[in-house]
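Colleague: I would like to go through this structure feature by feature. Please give the general idea each time, then the case at hand.

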Amino acid sequence: MNKIAIISLDNIYATPYIHGYIKNLENCIVDVIYWNKNNVSENSLDVNHMIEFKSKNKSKLYNYVKYAIFLNKLLRRKKYSKLILLHGPLNIMINRRLKDYKGRYIIDIRDYTYEKHFFYNHIQNKNIENSYETVISSRGYESFLPKQKYILMHNIFFDYNDDNKVEIKKDKQNSKFIITQVGTIRFYDEIYKLLNFFKDDDRFWFQYIGKGAENIKKKYNQNISTEGFFKPEETLNKYEQADAINNIYGNKTLSVKYALSNKLYIAALLKIPIIVSSDTYMEEIIRKYKLGFVFDIEKKESKDSLNMYLENYDKNEMINSCDEFLKDVKKDIDKFNQMLLKFGIE
């Protein structure tokens, strides 16, 4: 029986896709190694062992070095059959150790991180070449990764088969369009730019829900509401009032330019539009499946265009578009599951 280590560079609650790995490795001995960055109590997973790393040092670099040392010592002591790395930078942190696992590890890449640096890119490309498979959460990442076939595992945290349990939002009940963002709040510069753009426009109301939302409330209090940290299992309920999902993060940062946000899948599940920034891979998907509105903050008329879209989009067409998108997602999930089952038994 294979003994597999799943390694995370973050908290378990911040890595929901880990469940997609665990459920496909039922016939293996599985340890989960994770960095408890936020010093919180994590729910137990259905695995053999959960191995936690903690570091309270304020230096980010120091913490990364300490975690790398921790991982290399642990992997030298424990004799795992195979490894699954849930974040790209992990393959650099344990690069020397990976040489002992050639063809017996999976790299999961969910962000553009340090690929602009030659040595990082060089090492990662070699590790991708020697991996069993490399998994990506967006085809947009193929723009900066070496040319080869990748397994697509969507950035999705809910069971696809749960979609018939979600109540589809009924017709609008409020005088304002409620545009909701749920999850850890980041990209504050883009948020402040957006709120300034919509300042004094009473047609819209913005909701920010998640860790860090309190920072927005300190600076803005007009046409917005905020709510702080919540339990991951409450995520879908936080969209209860939403007329549209906010995914306007700009297009200057490569970490968002190529990514597919988990909000895309939530929008499709709830059958409501998602609003995305122009000139991103999200725009490409939105236009292909007709899932929402592409917003250009550099154009003054964007506010009127958004209002017109939200007033007039065809609800039945949206439902059909979401179902078509989720059907294609299901096909990709099935391919990932088949690959992982094979990885676990070989």
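Modeller: Start with disulfides: a disulfide is counted when a pair of cysteine sulfur atoms lies within 2.5 Å. Keep in mind throughout that this is a predicted model.

Colleague: How many disulfides does the structure hold?

Modeller: The structure holds zero disulfides. As for individual cysteines, Cys28 counts as buried because its relative accessibility is 12%, under the 20% cut-off. Cys322 is also buried, at 1% relative accessibility.

Colleague: Now the overall fold. What radius of gyration does the protein have, and what would a compact globule have?

Modeller: For 346 residues a compact globule would come near 20 Å, and the protein has 21 Å, which agrees. The C-alpha trace spans about 60 × 45 × 40 Å along the principal axes. There are 12 helices and 13 strands, and buried residues make up 54% of the 346. Of the contacts with a separation of 6 or more, 65% are between residues 24 or more positions apart.

Colleague: What about the surface and the charges?

Modeller: The protein exposes about 17,700 Å², with carbon and sulfur atoms supplying 47% of that area. Its side chains include 56 positive and 45 negative ones, and the centres of the two sets lie 8 Å apart.

Colleague: Next, backbone angles. How do I read a positive phi?

Modeller: Most residues other than glycine have a negative phi. Asp200 is not a glycine, yet its phi is positive, about 70°. Asp200 sits in the loop between α6 (188-197) and β9 (204-209). Lys271 likewise has a positive phi, of about 60°, and belongs to the loop between α9 (262-270) and β12 (274-277).

Colleague: Is Asp200 buried or exposed, and is Lys271 buried or exposed?

Modeller: Asp200 is exposed, because its relative accessible area of 53% is over the 50% cut-off. Lys271 counts as buried, at 10% relative accessibility.

Colleague: How should I read burial along a helix?

Modeller: An α-helix has 3.6 residues a turn, so residues three or four places apart point the same way. In α10 (residues 281-289), the buried residues are Tyr281, Met282, Glu283, Ile285, Ile286 and Tyr289.

Colleague: What covers the buried residues of α10?

Modeller: The cover includes β11 (244-247), α8 (254-257), α9, β12, β13 (292-295) and α12 (315-345). After α10 comes Lys290, with a positive phi near 60°.

Colleague: Let us take a strand residue. Which strand holds Ile7, and what is Ile7 in contact with beyond its sequence neighbours?

Modeller: Ile7 lies in β1 (residues 3-7) and is buried, with a relative accessible area of 0%. Outside the four places on either side in sequence, Ile7 is in contact with Ile33, Tyr67, Leu71, Leu75, Ile84, Leu85, Leu86, Leu90 and Ile94. One of these, Leu85, is 78 residues from Ile7 in sequence, but the C-alpha atoms of the pair are 5.1 Å apart.

Colleague: And a loop residue: where is His154 found?

Modeller: His154 is found in the loop between β7 (151-152) and β8 (177-182).

Colleague: What is His154 in contact with, neighbours within four places aside?

Modeller: The contacts of His154 are Arg110, Ser137, Tyr265, Val329 and Asp332. As for Arg139, it is 15 residues from His154 in sequence and 9.7 Å away, C-alpha to C-alpha.

How values were computed:
Residues are numbered from 1 along each chain as its sequence is written. This is a predicted model: local features need pLDDT of at least 70, side-chain atom pairs count only at pLDDT 80 or more; totals for chains, interfaces and linings use all residues. Side-chain values use heavy atoms; hydrogens and water are left out. Helices (H or I, at least four residues) and strands (E, at least two) are DSSP runs, numbered from the N terminus. The radius of gyration is taken over C-alpha atoms; the globule rule is 2.2 Å times the number of residues to the power 0.38. Buried means under 20% relative accessible area, exposed over 50%, partly exposed in between (1.4 Å probe, protein chains only). Contact means heavy atoms within 4.5 Å. Accessible areas come from the Shrake-Rupley method with a 1.4 Å probe; for residues, only the protein chains shown count as cover. Lys and Arg count as positive and Asp and Glu as negative; His and the chain ends are not counted. The place of a charge is taken as NZ of Lys, CZ of Arg, CG of Asp or CD of Glu.
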